[in-house]
Each structure stands twice: as C-alpha cells, then as structure tokens.
Amino acid sequence: MKLPMRFFALLLVLVLALSACTIQQPEVVVAPETLNGTPAAQTAAPASVAGVGNATDVLVTASSLTDLNFENIGGQVSGSIQDLILDLSTGNVLYATVEYGGFLDIGDTELPIPLSAFIWGPNGQLVLNIDETALNNFPDLGNNWPDLSTPNWDTDVVNFWRGVGIDPGVDFTQATNNVVRVSNVIGYGISDVGLGTGDVNDMLVDLGQSQVEYVLVGGYDPGIYGNDLIAVPFNAFDTTAPGDQLVFAQGVDASVLENAPRFTRDEFLAGNTTVYNDLNSYWSGLGYGPGAADIPIVQPGTNQGVGTSTGVVGVSGAEGNLVRASTLLNYSVSNLSGDNIGSVQDMLFDVETGHILFATLEYGGFLDIGDRVVPVPLSAFNWNGQNDLVLNVAEDRLQALPDLGNSWPNVADPNWNNDIVNFWTNEGVDPGFAATNTQTVMYASNLIGYSLSDVGFGAQGSVYDLLVNPAQSDATYAIVDYGGLFDNNLVAIPFSAVDVSVVNNGFSFTPNVDLNTLQTAPRIDRASFDQTGLFNSSFDDEINTYWEDAGYNVGVGAPATQ
C-alpha cells in the first residue's frame, strides 16, 4: 500500500521540530553573589598519577597482588596477575605480568601490563581500564621476555601501550641487569650488618605511584626478633652494590635495625595507620622513607582501610593539552570498541574555583529523538586525540544515571550530587571535584559570553572563551574580550583572577587586576585563536610570565601544531 506524500511531509516536519528542541541549560544555577565576597581562589592542580588510577594512597603487599584476579570495565573476570616486574635500581614497578584465558582464548599467554592500565575499584579490586580486544594486537614477545641483554628490550611493549593511550612511564634504551621479578626478590638475601643475614619477606607497594616503598625484612635470629618483621624503606638500600644480596645503605647498621619498629605480619596487614605512621616517623628521622602518614595498608579484595582519594583525575592521556571550552563542547564520545555513541553537550563548573565538576554527555536516540543527557566526571574519559574522547565505562551502565533534562542541578538541595557521586565511585571512577556541596555552579555554555565589569575602560567586557586543562579538570584561563579596546584582540587572564563573588554588573576581577594590568597584558590574535581549538601546555610563556609576576600561579604556558 502506498502512503500519500502528505503523510511523509507531515512526518518530516515532526522529526525536524523534535530535533530542534535542544535541551536548555539553566543560565546561572545559583547567583554567585551568594558567596562571601572574598576573591576566588585557584586550587593548585594535583600531580598526575603514574600508577593505578583512583589508587592515591593505596598501599598493598606485593605478595597480595600475585594470583589476584582482575576484571575489565565490563565486569568480566578476565585474568590474574602472576608477578610484578621491578626496576631494582629505583623501586619502580614497571609492569604486572598477567595471565589471560577465558573468552579471549589467549590461554596461558603472559602479558606485561603497566599498573597505569588499571583502576582501583571501591571494593579493593583491580579493574582493567581498556578494551580487552586491544590486547589481540599485542606484540609477540616469545617465551624469553624480558631478554635484558638486548638493548631496547621493552620498546615493542612501550609502543603498544602508548598506542592505546596508556603511558607505561618506562622506556629503557639500553640493556640493564636491574630488572627483576618480585617473586624472585621475595626470599632474596639481605647482607649482614652484625645481626646475621636476613631475607626479603615481602614488599609494600604504593599502587598509585607504581613504587615499592618498604621492604619487609625477616629471617633474622628468632632469639632476637621472634617472628617479628622490620619494614625498611626501599631507599635505605644501596641498589648499586654488586653481589647476590641486597645491601643496606651506608649508615644503616645493627643499632638502626634493632631500634626500628617491629610488628607481626598480621599486625602489618590489619589496616592500622599507626603502623605506617610509626615507620615513617622513625625512618624519616634518619633521612629515609616516603615521609607520608595516615595511610593504611590495604588487603586487595576488601574495602578495609581504603581512604578517600585526594587526587583529582581528569581525562586520562590528555596531559600536555589545553582545549578551548567552546570546542570541547563539540567533542564526540566513543565507546571502547571505537563506535561513536554521543558527544559532550556541556560542562558544569564551580565558578568559585574553576573546577570542572561534570561533563554532560548526550547519547543514544536517533536525530536527537530519545537522547539521554547524563553527568560524567572527566576522569571517566580517555583522550583519543582532538575532537574525540573515549568513555571507559560500558555504555549500558549509564542507564542507571538520571536523565538530566533541563532541571539539573538543584543546588538548593545540599545533597544535589550525592547519588551521582556514589554511582561513579561504585563504577571505580574517581568523581573528583564533584564530591562537593558547592552552590556556585554554572554551565560552560553560559560562562562563555558572560559579562565582565568595567575596570576603567568605560565599557563592559565579556568572557570570550575558557581554556581548560582536561587532564586536571580545571579552567586555567578566561579569554577576555573588550571589543575594540584591545585593538580587537583578546587577553588571557588566569581564571583565578576572575572574582565571581559580585555579579551585579558582570564578573569582576581580583584586586590586583586593574585597568593598567589589563592594558599592559599580552594580547592574543583573535583570528588565530578562533582557528585553534587545541593548545599545548606551554600555551604562551610571555602570558605565563606576565601573570606569575602579577602574583598568580598559572602553571601553563603557543598553540599546538595543527
């Protein structure tokens, strides 16, 4: 049966009308004049994490990781850690060697995976943070890897991981005899300093930094120590000394070991931060140890002792990039199989600090019909290059998030983001800056174009755009436009120099930004800026130097090569 053309015309009109109904975000969620009037402060961005994501201050024994099963982000148990590969000269954990089987049919193949390819789940589990099918392209290492007599012995492995967006953090360019398996180090002899020889009972690993912090020493005369262990900082050993034993550094003698805190293995694994604090206090007084405190030792497979991560994780692999907010809002989002599933619709900022709380992801549907909009912390994305992010959580998991529509967030409710924070935490994703009760939030689409008060020009300006650091979930610069007053050019101002506490006539600036400061600030060519969406982290040294001299720590600094 043929349908009349009028029917198709009516259907087309309906589709176009619905697709035009884009979701409108609230202009200002809470008027920033509700703040206390103090200048906005820029929180220093945390250092990037070299090891397991979301594992800041998670300490585990090396032996507890061997034979530990792990999951991929889809939830399938897909393998187990067999061993750790350690650089004995530095204490760095270079790789976990894992054994794969099951649905990938890789059988007993052993693969080296950097700890930075994992995230730490809320219940003490390791989660492989990549699409497992990528491992099908892993280089054939044969049965004799690592062959440490061969220069560039790990080149193929390093290139593979960097090719899938994960930096293993190691790149040996010559043969080395410092690389060992942890299983071979446990039981290794320790030189005699007057108490007889000891041995390595175990090692304490900082997962977030892929670093051995302490060596658990045992094996001394039971008449002296009973069954007690001594934890000796890794940097209290002389790893350059020749021989087939670990050798203590000069100055670590019998009296140092006799006075060191002792404990049984059970006491050490009980998650009591006192043990770790006592160790750090003793050894730091002698110039050794990590010098941190209040960190419990965790047993994998439990949430016992796990503290709250203090590091904020942004887009993994985005380090060194600054992106215009207006272009980031158009970035497409792919799943781990490489299929496009949606796009970044907007970003929710805490305007008091410049922190990015959430991106809003629009996904699903067809011709904008049936699309859902959900809040996603930047830490749930991997960098896949300009204009493309990868969501490292299975798409079907997003169904548990609320469809935001045009009524979120309701910051009048002090618990406005609790359920969303809990969702991402349970998915093993650090919600980062989102874990806050702030009421000073605006969408990026509304920040762009927002008024700036007159500082003596006789005219208002506006926020032309924002430069954001996706790896650290922060706005670094507000790009300011005062029309023809800068010869039609733009000025980059640290976001921390924007005072959002008064908005009667638009945002103002902090006290040490006045007419002279803006007039003498370096200019940005508008046409060049409009053509560039991605910048490198050096941005412009002249701009950095200018604002640092004005008292702002911007920490960034020419457009990236396009």
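This is a predicted model: local features need pLDDT of at least 70, side-chain atom pairs count only at pLDDT 80 or more; totals for chains, interfaces and linings use all residues.
I started with Leu391, which touches Val333, Ser334, Asn335, Leu336, Ile341, Leu361, Val376, Ala380, Phe381 and Leu398, leaving aside residues up to four places away in sequence; contact here means heavy atoms within 4.5 Å.

Residues are numbered from 1 along each chain as its sequence is written, and side-chain values use heavy atoms, with hydrogens and water left out.

Next I looked up the cores. A nonpolar core is a set of buried Ala, Val, Leu, Ile, Met, Phe, Trp, Tyr and Cys residues joined through side-chain atoms within 4.5 Å. Buried means under 20% relative accessible area and exposed over 50%, with partly exposed in between (1.4 Å probe, protein chains only). The largest core has 86 residues, and Met347, Phe349, Leu391 and Trp424 have the most contacts inside it. Strand β17 (residues 355–363) gives the largest share of this core, 6 residues. Apart from it I found another core of 78 residues, including Trp120.

Which residues of α10 are buried? They are Ile420, Val421, Phe423 and Trp424. They sit on the same side of α10 because they cover an arc of only 160° around the axis, taken from the directions from the helix axis to the C-beta atoms. The buried residues of α10 pack against β17 and β18 (372–376).

Note on methods:
Helices (H or I, at least four residues) and strands (E, at least two) are DSSP runs, numbered from the N terminus.
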